Amino acid sequence: MISKSFYGCELLIFESFFSEEDSSMLYDQFYRQTAWVQNDIVIFGKKHKIPRLNDWYGDVDMKYSNIHFDAKPMTKTLNQIRSKIEKETNTFYNSVLMNLYRNGNDSMGWHSDDENIYNPTSSIASLSLGGARWMKFKKKNMNGLGKKTLKLKLKSGDLLIMKYPTQDKLSHSIPKSLTDMESRINLTFRTVINP
Ligand SMILES: O=C(O)CCC(=O)C(=O)O
């Protein structure tokens, strides 16, 4: 396990949490069986397609901006993954946001998972399947050149744990890549509380 500390936030990476073979089997299963949707986001009054596809499983509805996913029970496979993560990390998760990055042009901008549906002191567990991607972290509200960022390479089968207070103090992003990238599925397990 690799442990990184950045502005007082602990980030743990369990490399090959799932073997290459299991990761590729899981990737294929999720790719085929998930009802992927591409939502719109409104920026300065203009609609844009979010550059990645999503789905959501969990105890409560997921709402942010104009995006809405109804609550639905986790599948058997998601429950098995969740149990394995919970055993390893001693944390309880009741929902998962599923992300599909089709190629290097799909991305996720700077943000924190700090919406009020989440328990603010719970970790977030993020499993990567498929093509490797960089994930960046920076201190919240810090812009401009010369500001420190942390870059982690997330490979297929790797599990990243973002511990409290990561969502309070840091933003994270999955930048676009100019080089060709294999598609990637990411599952972020979260703990929602009824707002
Ligand atoms: O794709 C990832 O590894 C991170 C996804 C993410 O930051 C999010 O969905 O909030």
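Predicted model: local features only at pLDDT ≥ 70, side-chain atom pairs only at ≥ 80, totals over all residues.
In Arg52, a polar side-chain atom lies 3.2 Å from an oxygen atom of the ligand. For Arg190, the distance from a polar side-chain atom to a ligand oxygen atom is likewise 3.2 Å. On its own, the ligand has 300 Å² of accessible area, and the protein covers 99% of this area.

## Surroundings of the ligand

The residues around the ligand are Arg52, Leu97, Asn99, Tyr101, His111, Asp113, Ser126, His172, Ile174, Arg184, Asn186 and Arg190.

At least two of its residues come from each of strand S8 (95-101), strand S14 (170-174) and strand S15.

## The segment after strand S15

Strand S15 spans residues 184-190, and Ile193 is found in the segment that follows this strand. Ile193 counts as partly exposed because its relative accessibility is 37%, a value that lies between the limits of 20% for buried and 50% for exposed residues.

When neighbours within four places in sequence are left aside, Ile193 is in contact with Asn116, Ile117, Tyr118, Asn119 and Pro120. Lys46 and Ile193 are separated by 147 residues in sequence, and their C-alpha atoms are 31 Å apart in space.

Key
Residues numbered from 1 in each chain as written. Heavy atoms only, no water. Helix = DSSP H or I, 4+ residues; strand = E, 2+ residues; numbered from the N terminus. Buried < 20%, exposed > 50% of the residue type's maximum accessible area, 1.4 Å probe, protein only. Contact = heavy atoms within 4.5 Å. Near = heavy atom within 4 Å. Polar contact = N/O pair within 3.5 Å; in protein donor to acceptor, adjacent residues only side chain to side chain. Areas by Shrake-Rupley, 256 points an atom, 1.4 Å probe, with all protein chains shown as cover.
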